[in-house]
Amino acid sequence: VKYGTVTIREFDRIMGDSPAVKTGAPISIGWKVQSVKTHPTLDAHEQSRGRPTKKSGELVLTRDQRHALLEELGYSKRDIAQAVRETLRTKNKRRTTVNNLAASNVEETMENVKSG
């Protein structure tokens, strides 16, 4: 396998809206490109990094780390609290939907039995 040039684009980080976080406010990437680096080969890119690739578990930020990062990015504690509330609302809506789906399957089965 042979690769061509490697281009790395770093995007800005913003407060997100993903309910996938366990607790706290989510972080996402924005659309604004912060920097672009091009390397002639994948090996050149790996050498320029100067550190080994992180394992997936090392990429997870704790709630406190995310909140500190969001504050560094200029978000207020009020902004962060609002994002946490929105995330919880979305999680609750999804939970309700999942619960209702289970009930609707039972109702559909009962209707099918009745109309037999």
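Trainee: Which residues form the nonpolar patch on the surface?
Mentor: In this predicted model, the patch has about 350 Å² of accessible area together. Strand 2, residues 27-39, gives the largest share, three residues. The members of the patch are Phe 11, Ile 29, Val 33 and Val 36.

Trainee: Is Val 33 buried, partly exposed or exposed?
Mentor: Val 33 has its place in strand 2. Its relative accessible area is 36%. Buried requires a value under 20% and exposed a value over 50%, so Val 33, at 36%, is partly exposed.

Trainee: Which residues lining the largest pocket are the closest to its centre?
Mentor: The largest pocket holds about 630 Å³ of space. Its lining consists of 16 residues, and the closest to the centre are Arg 13, Lys 54, Leu 59, Val 60 and Leu 61.

Trainee: Which strands and which helix each supply at least two residues of that lining?
Mentor: The lining of the largest pocket draws on several elements. Those that each supply at least two residues are strand 1 (6-15), strand 2 and helix 2 (63-72).

Trainee: Is Thr 87 buried or exposed?
Mentor: Thr 87 belongs to helix 3, which spans residues 77-115. The relative accessible area of Thr 87 is 4%. Because the limit for burial is under 20%, Thr 87 at 4% counts as buried.

Trainee: With which residues is Thr 87 in contact, leaving aside its neighbours within four places in sequence?
Mentor: Contact here means heavy atoms within 4.5 Å. With the neighbours within four places in sequence left aside, the contacts of Thr 87 are Ser 18, Pro 19, Val 21, Gly 24 and Pro 26.

Terms used:
Residues are numbered from 1 along each chain as its sequence is written. This is a predicted model: local features need pLDDT of at least 70, side-chain atom pairs count only at pLDDT 80 or more; totals for chains, interfaces and linings use all residues. Side-chain values use heavy atoms; hydrogens and water are left out. Helices (H or I, at least four residues) and strands (E, at least two) are DSSP runs, numbered from the N terminus. Buried means under 20% relative accessible area, exposed over 50%, partly exposed in between (1.4 Å probe, protein chains only). Patches are made of residues with over 30% relative accessible area and no salt bridge: like charges are joined within 9 Å, nonpolar side chains (Val, Leu, Ile, Met, Phe, Trp, Tyr) within 5 Å. Accessible areas come from the Shrake-Rupley method with a 1.4 Å probe; for residues, only the protein chains shown count as cover. A salt bridge is a side-chain nitrogen of Lys or Arg within 4 Å of a carboxyl oxygen of Asp or Glu. On a 1 Å grid over the protein atoms alone, a cavity is a set of points where a 1.4 Å probe fits but cannot get out, and a pocket is an open set with protein on both sides within 12 Å along at least five of seven lines; lining residues have an atom within 4 Å of a point. Grid points are joined across faces, edges and corners, and a volume is the space filled by probe spheres set on the points.
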